[in-house]
Amino acid sequence: MPFPFKTCCFFLLLYLTRSLNIQAQPAEKEKDSLITAASYAGALQLYHTYLTPETGLFRGPRYLEYVHILREGHPYFDDGRMREGTVLYDGILYEHLTLLYDLVKGWAVINDAFNNYKIALIGEQVDRFTIEQHVFIRLRDSLNPSQPRNGFYEQLYKGKVSLLKKEKKVVEDDLSNPPLGVQHYITHTVSYYLKKGNTYYPVNNKASLSFAMKDKSKELRKFIRKSGLSVRKDKENTLLKAAAWYDGFNQ
C-alpha cells in the first residue's frame, strides 16, 4: 500500500477524533476532551505500528561522522552520546528514539531503522525535538526584526515569557605548528534570549537582563541580590530564576 494513502488514513483518523470533540455538549466537554486525547494517542500508535519501519522518519541523508581528528572538543550537544528523546517531524510525533544533536551543522541525528548507520533529519521538517529532559524548538525565518536567526534553540523556560538558549560549535583550523600539519579544534559559544510577547531580547549580561525586564528593573535587582544570584558567575541558573520570578510577578 503506498505511503501517501497510509498517511491520509492517519489524518482521517485524527480528523474524526477532533470532530467528535467539536460536537460535544458543553457539560460533557471535559470528559470528551479526555476521550479525544485517548483517541488521538490510539490513532498515532496505529499509524506508527502500521508503518514499521517508518519511511516517514528514515528518509533524511546519511550522516557522515567527522573524519578529521579534533585536537580538542567534540561537535555535539552535552557529552556527545546518543540519548533517548522524541521528534515532531513533518507534523508527526515520534517517541522512544535515540538522538544526537550536532551543534556544528545544527542537525538532529538518529539511527537508521536497523542501527547500521546514522541519519540526519531534514532540518526544515523538524518542529521540535527532545533529548532526555532538554527541549529544542525551531525558530524559522520571520519578518520580526527582534527574532534571532533560524535554527534550533533549547527552551529553558516557558510561561508568559520564554527563555531560549542557543549553542553553536565551530570547527577551527590550527596552523601554528607546521610539522604537525593542520590541526582542528572546537570553539563553543552560548547565547540566551528572553521572549516577551513577540519581542526577543538578548540576555547575556546583567545590563541586558535589566533592559529586558525594564518595567521591573528595580525589583529585579533586589531579587537577584536577595537570592544571592549572579549573571556573571552563574548565568544560566540566574536567568532561569529571573524568568520564573518575572513570570510570577506579572500574574
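Which residues do ring pairs link into a cluster? Select Phe77, Tyr101, Phe129, Phe136 and Phe152, and you have that cluster on screen. Rings of Phe, Tyr and Trp (its six-membered ring) pair if their centres lie within 6.5 Å; planes under 30 degrees apart count as stacked, over 60 as edge-to-face and the rest as tilted.

Before moving on, know that this is a predicted model, where local features need pLDDT of at least 70 and side-chain atom pairs count only at pLDDT 80 or more, while totals for chains, interfaces and linings use all residues. Residues are numbered from 1 along each chain as its sequence is written, and side-chain values use heavy atoms, leaving out hydrogens and water.

The whole structure holds 13 aromatic pairs. Select Tyr66 and Tyr76: this pair is edge-to-face, 6.2 Å centre to centre with 85° between the planes. Tyr66 sits in the loop between α2 and β1 and Tyr76 in the loop between β1 and β2, so the pair ties together parts 10 residues apart in sequence. Both Tyr66 and Tyr76 are buried (under 20% relative accessible area; exposed is over 50%, partly exposed in between, with a 1.4 Å probe and protein chains only).

Next, pick Tyr101 and Phe152, whose ring centres are 6.2 Å apart with planes at 90°, so this pair is edge-to-face. Tyr101 lies in strand β3 and Phe152 in strand β8, so parts 51 residues apart in sequence are tied together. Helices (H or I, at least four residues) and strands (E, at least two) are DSSP runs, numbered from the N terminus.

**Last stop**

Finally, select Lys222 in helix α4. Lys222 is partly exposed, with a relative accessible area of 46%.
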